[in-house]
Amino acid sequence: VLIVGKTGTGKSTLIQSIAGRQLRETTHSCKSEYGDVDEKVVFETVQDALPGFEIGHEKTSMTSHISCYDPTQEGKKSNVVYVDCPGFEDTNGHEVDVATSVMLSKVAEQCRSLRFIILISFVSLLEDRGRAMNSILRLIRSFSRDF
């Protein structure tokens, strides 16, 4: 299962939850580009976070490479592997989007079947009238022949 979405939509947080890690709601302060302090509600792991799936709360992207969570490695029964990847429109530049697309193409070639969880921020739906969804679909089409 490939989890895709724009940077900051909660892909790594979702994997922490799928892995059974306890999450708590908290507020996080960060400076806006205009110097104002914004408060936002976020989730963080309470303890024993799943390594490699760190949750970011800043304006910059946290996930920098593709990571896989295989529940069987923790002794759980499952025939599903969850794939986390950098979000599209990554804050580290367009090159990261291109590199992510190439790597996801390689992942898709190795899978017997591929399913998607698409995360979209409610705010982005309001701000850009669904362009985020179109961008995600274009990204998926770029590495998946059958989509």
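## Lining of the largest pocket

The residues that line the largest pocket of this predicted model divide into 14 nonpolar, 15 polar and 13 charged, where Ala, Val, Leu, Ile, Met, Phe, Trp, Tyr, Cys and Pro count as nonpolar, Asp, Glu, Lys and Arg as charged, and the others, Gly among them, as polar. The lining comprises 42 residues, and Thr7, Gly8, Thr9, Gly10 and Lys40 lie nearest the centre of the pocket. A pocket is here an open set of points, on a 1 Å grid over the protein atoms alone, where a 1.4 Å probe fits, with protein on both sides within 12 Å along at least five of seven lines, and lining residues have an atom within 4 Å of a point.

The space in the largest pocket is about 1100 Å³, a volume being the space filled by probe spheres set on the points, which are joined across faces, edges and corners. Helix H1 (11-18), strand E3 (37-45), helix H3 (122-128) and helix H4 (131-143) each supply at least two residues of the lining, and E3 gives the most, with six residues. Helices (H or I, at least four residues) and strands (E, at least two) are DSSP runs numbered from the N terminus.

## The second largest pocket

The second largest pocket holds about 340 Å³ of space. Val1, Asn79, Val80, Val81 and Ser113 are the closest to its centre among the 13 residues that line it, and by class this lining has eight nonpolar, three polar and two charged residues.

## Nonpolar cores

Leu2, Val4, Val83, Cys85, Phe88, Leu104, Ile136, Leu139 and Ile140 form the largest nonpolar core, of nine residues, a core being a set of buried Ala, Val, Leu, Ile, Met, Phe, Trp, Tyr and Cys residues joined through side-chain atoms within 4.5 Å. Strand E1 (2-5) and H4 each supply at least two residues of this core, and the largest share, three residues, comes from H4. Apart from this core lies another, of eight residues, including Ile3, Tyr69, Tyr82 and Leu119.

## Cysteines

With a disulfide taken as a pair of cysteine sulfur atoms within 2.5 Å, the count comes to zero. Cys85 is in no disulfide, and the nearest cysteine sulfur, that of Cys68, is 10 Å away; Cys85 counts as buried, at 1% relative accessibility. Cys111 is likewise in no disulfide, the nearest cysteine sulfur, that of Cys68, being 8.1 Å away, and Cys111 is partly exposed, with a relative accessible area of 32%. Buried means under 20% relative accessible area, exposed over 50%, and partly exposed in between (1.4 Å probe, protein chains only).

## Basis of the values

Residues are numbered from 1 along each chain as its sequence is written, and side-chain values use heavy atoms, with hydrogens and water left out. In this predicted model, local features need pLDDT of at least 70 and side-chain atom pairs count only at pLDDT 80 or more, while totals for chains, interfaces and linings use all residues.
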